[in-house]
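Please walk through the structure below with the text beside it.

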Amino acid sequence: MMPGKRPIWFFVGLLLLFYGIVILSAGLWEIRYPPLRPPVLFRLHASIWWGALLAIFGAIFIRRNMRRQS
Amino acid sequence: MVPIAPFLKPSAAALCAMPFSAPAKTHLIYLSSVDVVIIVAYFAFVIFIGFYVKNSSNTVSDFFMAGREMTAWIAGLAFVSANLGSLELMGWAGSAYQYGLVAAHAYWIGAIPAMLFLGIVMMPFYYISRTHSVPGYLQLRFGNSARAFSAVTFALMTTLMSGINMYSMALVMKVVLGWDLNLSIWLCSLVVAGYVALGGLRSAIFNEILQFVLIWAGALLIPILGMIEVGGWSNLRRQIEINLGRSDYMHMWSGLGHFSQNPMGVHWTGVVFGWGFVLAFGYFTTDFLVIQRALSAHNLRAARMAPIIGAAFKMMVPAIVILPGLLALSVLPFHLLPESAAIATGGYSYNEVLPLMLVRYCGPGLIGLGVTALIAGFMAGMAGNVSAFATVWTEDIYRPFFNRRASDAHYVAMGRWCTVVGVLVSVATAYLVQRSASIMDYALQLFSFFIAPLFGTVLLGMLWKRATNAGGFWGLLAGTTTSIGLWVWVDRVPSALRYVALSPNAKGMAENMYRALWAWIVCVVVTVVVSLLTTPRPPSQLAGLVYGETQLPVEEYAHWYERPMVWASVVFVIFIALNIIFW
């Protein structure tokens, strides 16, 4: 415990939310501008659903660990 | 991003007909700006964590033991994350490609029983002796000679292991990104040195939690998409049998009746006794790198739960390590090679299977996340070694033998400097291991040299009150020299392997397992014989150190679902079930 500081899970959530938004955005961009040499199973658009999943988990972690430690 | 080596999905028929030939070697991808943002954000974040906890790491307890205030979950995840370095991510993925499903033994029989044993039986002793380290326990139990020998060999082993982590990471950077080996080694070393020196064990543990989450977030997508591509487990088995023309790659136990009936060239006795007992119990119950994480827990129950929680997650790691290696056997349209052959021919080596699978399935953003997961794994492994090295050097070598009466601030400063020195020595060893044949082989050699005999000493120390100081020291010394001697023998006379591993059909992995077993046996025999010939310590001196002379502390009341024994039983039942399913 570090009094006055936030738990590590808050920062885990922050990074997951950031990564989720960036990857989701990249996935949406790829729909509009498909890559010249797409990876295998590109049709599944893994960036979109994986990015969304990370962002959701990140938001939950942040929400549950907002409070500073006493 | 423009992939240089695109992977198009081969049909099953094309796979069967396709001659396995490695493509011309170049790095796999160029990073897009999205990938660069993700990687840079990670580096910035871990340095930020170091500064964030710096002011909470000013005493010896804070810096070396994270204030002993971690919850069971944090200590447990740090426990498993600290050994989720390059060995796990690249070494065992490569081993799965090379040996098939047998490689999963590294996570199941080669880990789970030992982790549960640590949580249930051994952790109370470590925790109530209030020691800073495993060498610290040896000092209390066997005196300064055993402590000094153990501390020096441990310091040597951690820096060598750290070098493996660093070399593997630099290899990924070279293969995936085309980065220069030197640039990768120095960049990541400076970041690790920065955050561990700033925040000590607390910073290392917090970053390990972060790294644990990132490793799963970045690596789990590969097996998910891989299983979709091959059409499920049954199709995967069938395709591997067709591609390789043999069925023993997809069984864990059924081919272990004879050395020649499985791709690894091992026998079940070596797997069970050499790997599952000596190497695994030795690593998980005496390697201070992992024990230090459990000792940071805020009470005894949390310290006992930490390895049990770690074991539950450890059982799942094959999904992101072994499965990609097996999938590669099915879907990659060329053969991977041993390290030396890959260097000679310009092909891809077994150790590169995970990055190859990453670029097969991932586009911009996900590539960055996957590369970040690999970097995080390497940095977690390296930070674990460096923080353990700093603790053992300061507490078990510097304080007892050079400066007994310094202030807390002095020892913390020494720990910070040690972190930097440990990283520099690791950099040197990273260049050394480039000559090694394979990452896994190198690591298991180190474990058999130093961990196997140490396990014999600690086990007898905890369970047999007749063991004496002289017995402990001479047993440890004899076990270590036996192990190194056997390695030199086989290195000079390769045909000697048939005597060490008890079969003319044995291969390299079997040598490591049996060498560890011999080292442990010699250590135990010498310890017992010397102890019986020397005067035992009075029982009053063994309180808190040996079963039978120790009043174990009564844990506070806990519901059944909070008890370590209950969860250890659950994990053990699942472990048995998994071995039967994949028999």
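H9(B) and H19(B) cross in a right-handed sense, where right-handed means that the near helix is turned clockwise from the far one by less than a right angle, and left-handed that it is turned anticlockwise. Helices here are DSSP runs of H or I with at least four residues, and strands are runs of E with at least two, numbered from the N terminus. This is a predicted model, in which local features need pLDDT of at least 70 and side-chain atom pairs count only at pLDDT 80 or more, while totals for chains, interfaces and linings use all residues. Residues are numbered from 1 along each chain as its sequence is written, and chains are lettered from A and ligands numbered from 1 in the order in which they are written.

The axes of H9(B) and H19(B), the latter covering residues 408-432, come within 9 Å and cross at roughly 160 degrees. Axes are lines fitted to C-alpha atoms, for helices over the stretch in contact, and the angles run from 0 to 180 degrees between N-to-C directions. H9(B) and H19(B) are therefore roughly antiparallel, a label for angles over 145 degrees; under 35 counts as roughly parallel, 65 to 115 as roughly perpendicular and the rest as oblique. On the side of H9(B), the residues that meet H19(B) include Ile185(B), Ser189(B) and Val192(B). Among their partners in H19(B) are Gly415(B), Arg416(B) and Thr419(B). Two residues are in contact if their C-beta atoms, placed from the backbone, lie within 7 Å. By class, the contact of H9(B) with H19(B) has 9 nonpolar, 5 polar and 1 charged residues. Ala, Val, Leu, Ile, Met, Phe, Trp, Tyr, Cys and Pro count as nonpolar, Asp, Glu, Lys and Arg as charged, and the others, Gly among them, as polar.

A second pair in chain B is H6(B), residues 112-128, and H14(B), residues 300-314, whose axes come within 9 Å and cross at roughly 165 degrees. That angle makes H6(B) roughly antiparallel to H14(B). The crossing of H6(B) and H14(B) is right-handed. Among the residues that make the contact are Ile112(B), Met115(B) and Tyr127(B) of H6(B), and Leu300(B), Arg304(B) and Lys314(B) of H14(B). The classes in this contact are 14 nonpolar, 2 polar and 2 charged residues.

How do the axes of H13(B) and H18(B) cross, and at what angle? The axes of H13(B), residues 288-295, and H18(B) come within 9 Å and cross at roughly 85 degrees. H13(B) and H18(B) are therefore roughly perpendicular to each other. Phe288(B), Leu289(B) and Gln292(B) of H13(B) touch Gly384(B), Asn385(B), Ala388(B), Thr391(B) and Val392(B) of H18(B). This contact has 4 nonpolar, 4 polar and no charged residues.

H12(B), residues 268-286, has a kink of about 30 degrees centred on Ala280(B). The bend at a residue is the angle between axes fitted to the seven residues ending there and the seven starting there. H12(B) is mostly covered, with 15 of its 19 residues buried. A residue is buried if 20 or more other C-beta atoms, placed from the backbone, lie within 10 Å of its own, exposed if 12 or fewer do, and partly exposed in between. In H17(B), 9 of 9 residues are buried, including Val353(B), Arg360(B) and Tyr361(B).

Some single residues follow. His45(A) has a positive phi of about 50 degrees although it is not a glycine, and its place is in the loop between H1 (8-32) and H2 (46-64) of chain A. His45(A) counts as partly exposed because 15 C-beta neighbours lie inside 10 Å. Leu502(B), also not a glycine, has a positive phi near 65 degrees and is found in the loop between H22 (497-500) and H23 (508-533) of chain B. Leu532(B) lies in H23 of chain B and counts as exposed, with 12 C-beta neighbours inside 10 Å.
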